[in-house]
Amino acid sequence: MSKLGCSIDGVLNEAKFSEPLPWIGIYIAAASLACAIAMAADTIHGFRHWKLWFPCKFFTINATSLTIITVAIKLSVDLNTAMPRGQDQLAKLSSTALICTVMGNSMPSLGTMENKEIFTNMIALGILVITVIVNICIQLGTGVIYVFCIEHAIILVLMVVLLVVLSFSALTVPTIKHYLELKYKKKYEMAQKECSKCNGTEKNEEESLKEALLKFWMMAHTCSPQFVVGRSVTCTASGALCLLSAATLAEAMLRFYLVPGSFQFCKGQSDYKWSMNLILLSQAVAVGMGTIAPAMRWFLAINFRCPARGRKVGCGRVYKLEAYWIKRLVELKECPLNVPIRNPHCRRIVHDAKIKFLNICIGIQAGIVFTSKVIRLVSIYFMSVILLCYDHCRDCLMKFKPNNIITNDYESGSESPHSSKLDLSRFVLHLEGEDSLVEIMMEENRDATEYWRQRAKKRQPKHLIKLLELSRPSEGFKGLIEFDSFKVPSLDTEEAPNCWALPVVTLTSIAIALPNISSSSIKHLLAGVNEGLMYVRHIEDNLDSNLINIKNAAEVVWVGVELYHRWLDIDLRKLSVQGKSTEEILELLSDSAKIIFMEFKRSKMKQCLMDSPSKWPIKVLAANSMYRISQSILLDCESRNYKTNERLFEGISVMISDIFAACLTNLQQFISIKCSTSSIEKREESVRHAAYVLGQTDKILKLLHRKSLPGLNPDQMVLMDEWRSFHKLNSSVDGTPFSRESESAPCTPSTEVHLTID
C-alpha cells in the first residue's frame, strides 16, 4: 500500500504534495515578468518613435500571449491553497488586476488580426476571463479570499466591462478596415493624378517623389488599423478603466504597507512560501508597466479634445451613434439564416430568436459607445481644470522670460514658412465623428517622412556609390551585354532567364578567383556588392514576382561567396594562389560548372530540365550562369587582350557596376509601388521603409538622374532580359553595339527618369 502513496493505515499521504509549489511560484513570477517585459518593450517603442498611441508590437492577443497570461494568473484560479498572510492576499488581487491591464494594454492589437483570428482569440480570451471571474467569486464565497473583498469586487466589475468593450470593439474592426481600404484607394488615385501633374511642371522627380511620399505616409499612418483602434472612443474608455484597476491595486498595496494595523490577517504560511513575494513583485511591475500605454491613450484623447486648449467639445455628439459601430450587426441581422431545418415553424422561431439576439447586441453596442463617450466627456471636464491651470502657469512664466519678445518675433516670423507647407488635410483618412482630429493628425505626422529620410541619409551605401561611379551610361550600360555574350553556345535547348542578382554574384565569384589581386580591392568589391544586392532584392521582390528559383540561387551562392569565399564547392581564394593563369582559372570554373550541369542533365533530374528553365534546381541555375559568364569573359580576354589581372578585375567591376546601375534605375518605381501594394496592416511600415530607402539612395538617385537612360517603358526596365534585347536590337540596327549615333535614333536613350505610381 505504501507504494501507492498511502500510509500504513491506508490514508493517502499528502506530506509532499505542496513541496513543488514554491518552484511553481517562480514559474508564475517568470510568466508575469515576461508580460511586463513585452508591455515595457511596447511602451519604449512608442516613446522612441513618438507613437504615443502605443501600437502593440511585442505584446498582442494571440495563442502565445494567452498561454503566458494563463500561467501568470494561476493564483486567481487556485481554489484551495491557503493564503493566510497579507502578501498572499495581495498577490491574489494583483493577479486579478493583471488581467484588466492585459486587456486594456493590448486592445489596439485587434487591428492587426484577420477576421478569423479576431474570432478565435476573443473566444479564448473570453473563456479565460469568465473562468477567472467564476473562480474569484468561489474564493470570495469559501473564504480563500477574506481581505480586500471590496477591491476584488471593483476589479471584477472592471474586468467584465473591459471584456464586453473589447469584444464589441472587435466586431467593428472588419468594417473599419473595409471602409478605410476603399477610402485609401480613392485618395491614392487623387495623389497619383496630382503627382502626374507635378511631373509636367518645373519640379524635378525627386521633389515630386518627396511630395508623393508625404501624401502616402499621411494616408497610410492615419488608416493604420492599430492607430484607428487606439484613437477610438472605446479604447479611450478602456484606458480609463485600466487606470482605475491599477489605482485599486495601488490603494490596496499602500494600505497594506503604510497602515498594516487596519487589517487582521491569519497566522501561518502559504504553500508557495518565499516565492509569493516574487510573484507579488513581478505582477505589480507588470501592472505598472502595462498601465502606462492605456493611461497615455486616455490622456491624449482628453488633451486633443480639451476645450481649455481652444478645441470645441460638442455634447450633442455624445448622443450620436456612428454607423460603423453597428454596421456589421445590422448586416448579420438582415442576412437570412441558413439552417438545415425543414419545418417552417421551427425556422421562424430560429429566425426570430436571431433577430432578437442581434437587437440586444446592437443595444449593447450602442450602450458601450454611449458610455465610452460619457467617460471621455467626464474625463475632459475634470482634466480641463488641470490643463487650464497648467497653461495659465506656463503663460505666466513666459512673461518673465527676458527673451520673450525675441521668441515671439521668431514665432510670428516662422508662420509664413509653416503656412506655405503642403496642405495634407485631404489625405488624412478619418472615420465619422473624427473631423476635429484631422488637423491634429496632420500636424503631428507632417514631418515623419522627412525625419526618416534624414536619418537614412546618414547611412548611405558609400561602397555601392563608389562602385556605381564606374558605370557607363553613355554606352548604354554596356556591361549588360558583355557579361553574357550571345556567342556562347547554350548547354541546353532553352536558356534560363536572367535576374539581376545572379550575374552579379557570379561575376563577383570570378573576381575573387583572379590571381594577384589585393585583398583590399576584393574587400571593397564585396562590400559594394553586398550593399547593392540589398536594393536589388527590394526591386526584384516588389516589381518582379517571377524568377523566384533564380533569385534563391543567387541568395544561396552569395552566402558562400561572402562568408567563405566559395562558389558552391570551389574555394575561390585557394584557386587564386595556385599559380594558375587567368585563362586556366576561367576554364576550370567553366568546366566545373559544365560538369555540374551535365550530371544533372544525365541523372534523374532530367525531368526538371524538361520544365521551364526558371524551375531548374538552384545548383543547376548557378552552374549555368557560371559557365556562360566564364566563357564570355574568356572571349572578351581574347578580343581585348588584358595585359594584367588588375585590368581584368577592373573590367569585371565595371560590368557589375553597369548591372547595378541599370537595376537601380527602378528605385523610384519601387518606392512608389511599395506605398500601394502592401495590406492595410503593413502599409504604414511599407511607406516608412520607402522613405528610408529614398534617404539611403539620395546620392544614387542624383547620380542616375544625370545619366542618359534607355527609352524603355517602366515595365521593361524591371527585367534585365528586356535591357539586353533592347541593346541587341540597337546593335543589329546600327551595325555596332552602343554607337553614339544611336542616341539620335527613334529609340534614343531618354533623359527622363520614369516615376510611375500604380
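Trainee: Among contacts in the chain between residues at least 6 apart in sequence, what percentage join residues at least 24 apart?

Mentor: The model is predicted, so local features need pLDDT of at least 70 and side-chain atom pairs pLDDT 80 or more, whereas totals for chains, interfaces and linings use all residues. Residues are numbered from 1 along each chain as its sequence is written, and side-chain values use heavy atoms, without hydrogens or water. Contact means heavy atoms within 4.5 Å. Here the share is 82%.

Trainee: What part of the chain is buried?

Mentor: Buried means under 20% relative accessible area, with a 1.4 Å probe and protein chains only. Of the 758 residues, 51% are buried.

Trainee: Where is glutamate 540 placed, and which side chain of opposite charge is nearest?

Mentor: Helices are DSSP runs of H or I, at least four residues, numbered from the N terminus. Glutamate 540 belongs to helix 19 (residues 519–543). A salt bridge needs a side-chain nitrogen of Lys or Arg within 4 Å of a carboxyl oxygen of Asp or Glu. Glutamate 540 is buried and has none; lysine 551, the nearest side chain of opposite charge, is 5.3 Å away. Beyond neighbours within four places in sequence, the contacts of glutamate 540 include Cys499, Trp500 and Lys551.

Trainee: Which element gives the largest share of the lining of the largest pocket?

Mentor: Helix 9 does, with six residues. Lining residues have an atom within 4 Å of a pocket point, on a 1 Å grid. There are 31 such residues, with Trp50 and Glu444 among those nearest the centre.

Note on methods: Helix = DSSP H or I, 4+ residues; strand = E, 2+ residues; numbered from the N terminus. Buried < 20%, exposed > 50% of the residue type's maximum accessible area, 1.4 Å probe, protein only. Lys, Arg positive; Asp, Glu negative; His and termini not counted. 1 Å grid on protein atoms, 1.4 Å probe; cavity = no way out; pocket = protein on both sides within 12 Å on 5 of 7 lines; lining within 4 Å.
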